[in-house]
Amino acid sequence: MNLKNFFIGLSENKFLNAFAQKYGLKLGSQSVVAGTNVEEMIERVKQLNAQGISCTIDNLGEFVSEKDAAIQAKNEILEVIKAIHSHDVDAHISIKPTQLGQDIDENFCLENLREIVDQANQYHIFVNFDMEDYTHLHSSFSLIDKLSEEYNNIGTVIQSYFYQAQEYIEKYKDYRLRLVKGAYKEPEEIAYQNKKKIDQNLIYLIEYHLKHGKFTSIATHDDRIINHVKKFVDDYNIPKDKFEFQMLYGFRNDLQLQLAREGYNFCTYVPFGTDWYGYFMRRLAERPQNIQLVAKQVFNKKTNTMIGLAAGAFLAGRMTKRKK
Ligand SMILES: Cc1cc2nc3c(=O)[nH]c(=O)nc-3n(C[C@H](O)[C@H](O)[C@H](O)COP(=O)(O)OP(=O)(O)OC[C@H]3O[C@@H](n4cnc5c(N)ncnc54)[C@H](O)[C@@H]3O)c2cc1C
């Protein structure tokens, strides 16, 4: 098992997730998660806004299997929308349909989403539908299609690791889109496994949407892609108000600030809340060097050690199963 698969496996483990939720921000996650409640998050957003950076806010949580949990998540997101409005911060929201009941019942999920999009619409706040794994992709597109009949404050994400990403972007070109490489482990029947191919496809999608589409959010920490985009927008005279760069909270802070100072629109993805575990493990999966964040914290606190040990036990269990 390689490190990427190891951390993706950990991200999906329900027991570890529940265990981690009990103990607040641990394992170094506090440097990449903007607090556990709305007040802490809004303070971070204000600090970023003061540096000329806008924010997209993610109330952490995903793959919910109980209606009550989905309704609670919806209410929390409505609170976030109210807070954005009442504090008058430069921010919009990012939501995950699986947090709002997509796996329970699509109509139930649609109603939750409608309430969120409707309230955001009243305050002129944009709502981004994050894209999750392939098993939810078509259902998410269908939810977006239905809500687009009533609202135009929504957009979504196209993941360049999918072979069909070019078809998706043609269909959704009139939406505000975030373009990414893709964070989940997908099989080779449907997704490129080769980094170079994923990067090439991302460049294709970015160029296509900058030329033919609505507003483009280029979401990457990759210097080569960022430098390519800077040159491309110069060569094709693409105005700066047609696109923005996005990065995750706590990653490459200097570069985030530098791009904002260079006059590019910049938006930081700001996750907050107690359900940080799956998000954090995916960050470790895509860049094992991020383990440094963990290493700094893990050995000196009791609960970190417990979560670390539980993760180790889980890994040992998986490896034994595989050998059999
Ligand atoms: C704002 C935002 C929103 C996202 N939303 C989604 C979503 O809805 N669905 C989804 O599937 N995925 C999403 N992702 C995750 C995305 O798909 C990738 O998994 C993730 O961004 C890692 O790819 P990358 O392009 O940043 O660079 P990588 O391919 O991880 O790295 C490429 C190179 O960039 C440099 N680099 C990367 N990270 C760092 C760092 N921390 N410090 C220094 N150099 C670094 C290194 O040179 C590295 O070799 C999102 C990402 C961002 C930034």
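Two strands count as paired if DSSP finds at least two bridges between them, and helices (H or I, at least four residues) and strands (E, at least two) are DSSP runs numbered from the N terminus. With that in hand, I57 stands opposite I93 in β2. The structure is a predicted model, in which local features need pLDDT of at least 70, side-chain atom pairs count only at pLDDT 80 or more, and totals for chains, interfaces and linings use all residues. Residues are numbered from 1 along each chain as its sequence is written.

Strand β1 (residues 54-59) runs parallel to strand β2 (residues 91-95), and four bridges join them. In total, eight strands close into a barrel with parallel pairing, in the order β1-β2-β3-β4-β5-β6-β7-β8. From one strand to the next, the twist averages 30°; here axes are lines fitted to C-alpha atoms, for helices over the stretch in contact, and angles run from 0 to 180 degrees between N-to-C directions. Helix α3 (residues 38-50) lies across β1, β2 and β8 (266-272), and runs at about 165° to β8.

Helix α4 (residues 67-87) packs against helix α5 (residues 106-122) at an angle of about 10°, with their axes 10 Å apart. That angle makes α4 roughly parallel to α5 (angles under 35 degrees count as roughly parallel, over 145 as roughly antiparallel, 65 to 115 as roughly perpendicular and the rest as oblique). K67, A70, K74, I77, L78 and I81 of α4 make the contact with F108, N112, E115, I116, Q119 and A120 of α5; residues are in contact if their C-beta atoms, placed from the backbone, lie within 7 Å. By class, this contact has seven nonpolar, two polar and three charged residues, where Ala, Val, Leu, Ile, Met, Phe, Trp, Tyr, Cys and Pro count as nonpolar, Asp, Glu, Lys and Arg as charged, and the others, Gly among them, as polar.

Helix α8 (residues 195-212) and helix α9 (residues 223-235) have axes 11 Å apart and pack at an angle of about 30°, so α8 is roughly parallel to α9. The residues that meet include L202 and I206 in α8 and V229 and F232 in α9. Eight nonpolar, one polar and two charged residues form the contact of α8 with α9.

Note on methods: Two residues are in contact if their C-beta atoms, placed from the backbone, lie within 7 Å.
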